Amino acid sequence: MSSARIQARFKALEAEGRAAFVAYVMGGDPDLATSERTLKALPGAGADLIEVGMPFSDPMAEGPPIQRAAQRALAAGATLNGVLEMVRRFRAGDDATPIVLMGYMNSVHNRGVDAFARDAAAAGADGAIIVDCPPEESGDIAAALDRAGLSLIFLATPTSDDRRLATIVKRASGFVYYVSVAGVTGVKEADEAVVAPAVERVRRASGLPVAVGFGIRTPERAAAIARVADAAVVGSALVDEVVKAQELNEDVTQRVLSKVESLAKAVRSARLGTTVTIDGDG
């Protein structure tokens, strides 16, 4: 089953002729109150979908920026319960913007797959990306999320051959997250010339929108990816703004939103064919 909000958002953006901008926020970074303020303001700054990280002590797919964000969140007392409550409060004021929880199986198993799916749906989430859950082992969580009306979103990578891709998309719903580079988040840069044929291959195999993440840090990169994919996902570059704000004694939320606005502007212009001045990396 695919979340109704996710389906509706991609359908609306397809009608507009543009890609989605997907913003990532680590739940509880640098603390729950600040991350909640940021979360609530993201749609107004241009985020079409939002990924909310569930902090975990060993985020194996993440590069240093998101690893440190998880550590800061945990040190500040973030828990899965706290993150779900944050999502619940967001949803009370926004019934349209899709939210996808992103994390690792340890958090899900610790709660129990059925309880996780039930509680995530009750909080107002629309799907989950469980980074270390291979499709071959996803039966229980896929069934639980399906019963709760949530999408299970899988990762496809540059090393996913046709046989592997067929396995990935068999269980996928909502959209497929294409990892544009080999490696962890926030290290290498996405190349649209390489990404474009891969995205088309994943689209054909899945029949779903394809969001591209890992390796998008600047408005220029976001715009380039938005020309060839259904969504551009930015995480590490936004997490970096949390650190910069703290170092400069600036407001964390405002600094993150400024970055989101420049990225969203670039994505919105890319498929509409308009000419705009693209802001710098911020």
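I listed the contacts between helices α2 and α12 in this predicted model. From α2, the residues involved are Thr34, Arg37, Thr38, Ala41, Leu42 and Ala45. On α12 they meet Val252, Thr253, Val256, Leu257, Val260, Glu261 and Ala264.

Next I looked up the geometry of this pair. The axes of α2 (residues 32–45) and α12 (residues 252–270) lie 9 Å apart, and the packing angle is about 25 degrees. The crossing of α2 past α12 is right-handed.

I then turned to α9. Helix α9 covers residues 192–206, which is 15 residues.

Which residues of α9 are buried? I noted Val195, Ala198, Val199, Val202 and Ser206. Looking down the axis of α9, I found these buried residues within an arc of 110 degrees, so they line one face of the helix. Ala193, Pro197 and Arg204 are exposed, on the face of α9 turned away from the buried side.

I also checked what the buried residues of α9 pack against. Their partners include two helices, α8 (162–171) and α10 (219–226). Strands β6 (155–156), β7 (176–179) and β8 (210–213) are also packed against by these buried residues.

Last, I looked at the residue after α9. Gly207 follows the helix, and its phi is positive, near 70 degrees.

Terms used: Residues are numbered from 1 along each chain as its sequence is written. This is a predicted model: local features need pLDDT of at least 70, side-chain atom pairs count only at pLDDT 80 or more; totals for chains, interfaces and linings use all residues. Side-chain values use heavy atoms; hydrogens and water are left out. Helices (H or I, at least four residues) and strands (E, at least two) are DSSP runs, numbered from the N terminus. The expected span of a helix is 1.5 Å times one less than its number of residues. Buried means under 20% relative accessible area, exposed over 50%, partly exposed in between (1.4 Å probe, protein chains only). The arc is that of the directions from the helix axis to the C-beta atoms. Contact means heavy atoms within 4.5 Å. Axes are lines fitted to C-alpha atoms, for helices over the stretch in contact, and angles run from 0 to 180 degrees between N-to-C directions. A crossing is left-handed if the near helix is turned anticlockwise from the far one by less than a right angle, and right-handed if clockwise.
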